[in-house]
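Let's walk through this structure together, one feature at a time. Please keep the sequence and the 3D view open as you read.

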Amino acid sequence: MKNNHLYNLSGSNGHSKPEYPLTFDLKVIMENYYSEEQMQAHLRLIFSRLGIPNAEWRSRLSTGGKYISFTIEITLKDETIMKNLYSVLKTLPGVKLAL
């Protein structure tokens with residue numbers, strides 16, 4: 001179930017701020033040089049270590065087979081966990097993009 005109130009529009013600097021806990025679909029695009037199971041295992045380990053609930057895993061191979069994208073529903077408790085997640089994803093071999 002997704003949070004319908006993702007942003008608090010009352011930020012003092014005019015920018016939207018997410019409201020936590022925040023549930024959304026994370027998309028991770030990776031180079032396809034490990035097996036899908038190995039890549040999922042790496043991502044699941046990251047989620048486990050950071051205490052991030054995750055569900056509804058979907059994957060899709062690019063047309064040429066060079067990349068695989070994972071879409072995972074995750075729930076973040078706070079901004080610190082969000083920043084930690086993206087920091088760790090940047091270090092994972094083969095990750096091209098995480099949204």
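**A cluster of rings**

Ring pairs join Phe-47, Trp-57 and Phe-70 into a cluster. Rings of Phe, Tyr and Trp (its six-membered ring) pair if their centres lie within 6.5 Å; planes under 30 degrees apart count as stacked, over 60 as edge-to-face and the rest as tilted. A word on the source: this is a predicted model, in which local features need pLDDT of at least 70 and side-chain atom pairs count only at pLDDT 80 or more, while totals for chains, interfaces and linings use all residues. Residues are numbered from 1 along each chain as its sequence is written, and side-chain values use heavy atoms, with hydrogens and water left out.

By the ring rule, the count comes to three aromatic pairs. One of them is Phe-47 with Trp-57, an edge-to-face pair with 5.9 Å centre to centre and 65° between the planes. This pair links distant parts of the chain, with Phe-47 in helix α1 and Trp-57 in strand β4 (residues 54–61), 10 residues apart. Helices (H or I, at least four residues) and strands (E, at least two) are DSSP runs, numbered from the N terminus. Phe-47 and Trp-57 are each buried, where buried means under 20% relative accessible area, exposed over 50% and partly exposed in between (1.4 Å probe, protein chains only).

Trp-57 also pairs edge-to-face with Phe-70, at 6.1 Å centre to centre and 75° between the planes. Here too the pair links distant parts of the chain: Trp-57 in strand β4 and Phe-70 in strand β5 (residues 67–76) are 13 residues apart. Like Trp-57, Phe-70 is buried.

Now step back to the chain as a whole. It has two helices and six strands, and reading along the sequence gives the pattern β-β-β-α-β-β-α-β. Of its 99 residues, 26% count as buried. Contact means heavy atoms within 4.5 Å. Among contacts in the chain with a separation of 6 or more, 60% come from residues 24 or more positions apart.

How do the two helices meet? The axes of α1 (residues 36–50) and α2 (residues 79–91) come within 11 Å and cross at roughly 150°. Axes are lines fitted to C-alpha atoms, for helices over the stretch in contact, and angles run from 0 to 180 degrees between N-to-C directions. The helices α1 and α2 are therefore roughly antiparallel to each other; angles under 35 degrees count as roughly parallel, over 145 as roughly antiparallel, 65 to 115 as roughly perpendicular and the rest as oblique. On the α1 side, the contact is made by Leu-43, Ile-46, Phe-47 and Leu-50, and on the α2 side by Ile-81, Asn-84, Leu-85, Val-88 and Leu-89. By class, this contact has eight nonpolar, one polar and no charged residues. For these classes, Ala, Val, Leu, Ile, Met, Phe, Trp, Tyr, Cys and Pro count as nonpolar, Asp, Glu, Lys and Arg as charged, and the others, Gly among them, as polar.

Leu-43 deserves a look of its own. Placed in helix α1, Leu-43 is buried, with a relative accessible area of 0%. Beyond its neighbours within four places in sequence, Leu-43 is in contact with Val-28, Met-30, Trp-57, Phe-70, Ile-72, Leu-89 and Leu-92. The C-alpha atoms of Leu-43 and Phe-70 are separated by 9.5 Å, although the two are 27 residues apart along the chain.

Next, turn to strand β5, where you will find Ser-69 and Thr-71. Ser-69 counts as buried at 12% relative accessibility, and Thr-71 at 13%. Not counting residues up to four places away in sequence, Ser-69 touches Lys-27, Val-28, Ile-29, Arg-58, Ser-59 and Arg-60.

Finally, consider the backbone. Most residues other than glycine have a negative phi, and most peptide bonds are trans. Glu-56, in strand β4, has a positive phi of about 50° although it is not a glycine. At 48% relative accessibility, Glu-56 counts as partly exposed. The peptide bond from Tyr-20 to Pro-21 is cis, with omega near 0°, and Pro-21 sits in the loop between β2 (17–18) and β3 (22–31).
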